[in-house]
Amino acid sequence: MKLSQFRFRLPEELVALEPTHRLFDNEDGTQEKVYHRDECRLMVVHRKSQTISMFKKDADGNDTDQYMEFRDIVDYFDEGDTFVFNDTKVFPARLYGTKEKTDAKIEVFLLRELNPELRLWDVLVEPARKIRIGNKLFFDEEGLMVAEVIDNTTSRGRTLRFLHDCNHEEFKRELFALGAAPLPRYIVENRDASKDDMENFQTIYAQHEGAVTAPASGLHFSRELMKRMEIRGINFAFITVHCGLGNFETIEVEDLTKHKMSSEQMKISTEACRIVNDTKASGHRVCAVGVSTARATETAVGTDGLLKEFDGWTNKFIFPPYEFGMADALIVNFYHSESTMLMTTAAFGGYDIVMKAYDMAVEHGYKFGCYGDAMLIVDD
């Protein structure tokens with residue numbers, strides 16, 4: 001397929017800049033925001049019947065005028081079904097520092113630690129034109145957290161060596177204390193990251209540190225919702241995919257077969273394979289939570305339809321037409337025009353019905369992006 005087939009008009013006001021929340025008035029006249037992960041809107045795409053559901057049902061099964069909320073997702077699954085979650089943990093990857101001598105303000109986005117002993121990090125810098133090999137960057141007023149640029153990796157990429165004399169655990173703690181939640185560019189261009197974002201931009205089941213962006217479809221799960229799922233007899237399988245910035249990279253080719261995804265580190269354990277494969281063997285459904293999870297399970301599924309253990313990297317790029325070998329259902333957000341996540345969504349649900357769903361989402365004011373509303377695609 002072509003890049004232009006995934007282009008649509010997204011009104012700026014439909015891009016979510018913060019999670020679903022309620023405002024409460026305090027006695028002193030101030031307002032307090034209370035965030036509710038599972039109260040965003042939910043749209044359900046039925047890929048076999050080619051129908052779309054948006055509204056809650058009444059006792060007779062007819063649509064009401066109330067939109068479905070994400071917490072209603074439990075009604076679409078039964079005892080014995082399995083949800084596959086990505087338990088990667090986001091770290092505060094965005095730092096702001098100053099360049100020596102000029103005091104020019106520099107944004108440093110941490111990508112990955114290259115060498116813990118030498119304090120080497122792979123980063124992106126902005127504005128890149130001001131940062132050269134040998135420059136020193138300062139990240140706090142006391143001048144205790146200092147980094148030296150030792151290499152250029154890409155046009156915006158640099159290798160930094162942090163000059164900080166302490167043990168590694170203390171260094172990481174102090175470095176991350178200076179960082180902010182790595183919100184997408186389309187959010188930080190409109191507002192600064194807040195303290196709430198480090199909690200809101202993290203799934204409640206995050207375990208393994210390494211992501212520089214959140215597996216956004218998992219942000220909708222609250223502890224209360226997962227308890228309801230557990231009571232219903234739904235199984236949970238956890239895999240790890242350290243989400244990188246590849247999904248946000250601009251595609252610069254019209255022919256999608258020529259686009260190369262950046263690699264992401266992933267791990268699928270023996271236990272996750274056992275849970276998923278037992279589910280398939282018993283005739284129950286497997287639901288992948290998010291594009292990162294879908295890409296990972298498609299990387300590790302065998303020709304026999306069973307999930308295999310995996311410990312490595314994937315750069316799998318999924319776009320239509322594509323036949324999925326593992327998941328029976330998929331949970332996603334509403335993504336930006338021409339994004340790789342939209343393409344994977346269309347590959348799973350079917351191009352025509354997914355693009356129709358996007359038209360309806362815009363028409364009904366659904367919110368787009370990491371903090372936006374959710375879509376469930378089911379195989380019925």
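**Ground rules.** I number residues from 1 along each chain as its sequence is written, and my side-chain values use heavy atoms, with hydrogens and water left out. Since this is a predicted model, I ask for pLDDT of at least 70 for local features and count side-chain atom pairs only at pLDDT 80 or more, while totals for chains, interfaces and linings use all residues.

**Entry 1, the sheet.** I took helices (H or I, at least four residues) and strands (E, at least two) as DSSP runs, numbered from the N terminus. I called two strands paired if DSSP finds at least two bridges between them. I then found an open sheet of 9 strands with mixed pairing, in the order β4-β3-β21-β20-β18-β7-β16-β17-β19. Which strands stand at the edges? They are β4 (51-53) and β19 (310-314), and each has a single partner strand, so one side of each is left without a neighbour in the sheet. I noted an average twist of 25 degrees from one strand to the next; axes here are lines fitted to C-alpha atoms, for helices over the stretch in contact, and angles run from 0 to 180 degrees between N-to-C directions.

**Entry 2, around β16.** I looked at β16 (residues 235-241) and saw it pair with β17 (residues 264-268) in the antiparallel sense over 2 bridges. Val241 has Met266 in β17 as its bridge partner. With β7, strand β16 pairs in the parallel sense over 5 bridges, and there Phe83 stands opposite Phe236. I count a residue as buried under 20% relative accessible area, exposed over 50% and partly exposed in between (1.4 Å probe, protein chains only). In β16, 5 of the 7 residues are buried, so the strand is largely enclosed by the rest of the structure.

My contacts are heavy atoms within 4.5 Å. Helix α7 (residues 340-349) lies across β20 and β21 (374-378), and runs at about 30 degrees to β21. Next I checked α8 (residues 351-363): its 13 residues reach 18 Å from first C-alpha to last, close to the 18 Å expected at 1.5 Å a residue; the expected span is 1.5 Å times one less than the number of residues. Its buried residues include Ile353, Val354 and Tyr358. Among the elements covering the buried residues of α8 are β3 (42-46), β4 and α7. Just after α8, I found Gly365 with a positive phi of about 75 degrees.

I located Lys56 in strand β5 (residues 55-57). Is Lys56 buried or partly exposed? Lys56 is partly exposed, with a relative accessible area of 22%. For polar contacts I took pairs of N or O atoms within 3.5 Å; within protein, one must be able to donate a hydrogen and the other to accept it, and residues adjacent in sequence count only if both atoms are side-chain atoms. The side chains of Lys56 and Asp72 make such a contact at 2.7 Å.

I found Glu107 in strand β10 (residues 105-115), buried at a relative accessible area of 9%. Its side chain makes a polar contact of 3.4 Å with the side chain of Arg94. Leaving out residues up to four places away in sequence, Glu107 also touches others, including Tyr96, Leu124 and Arg185.
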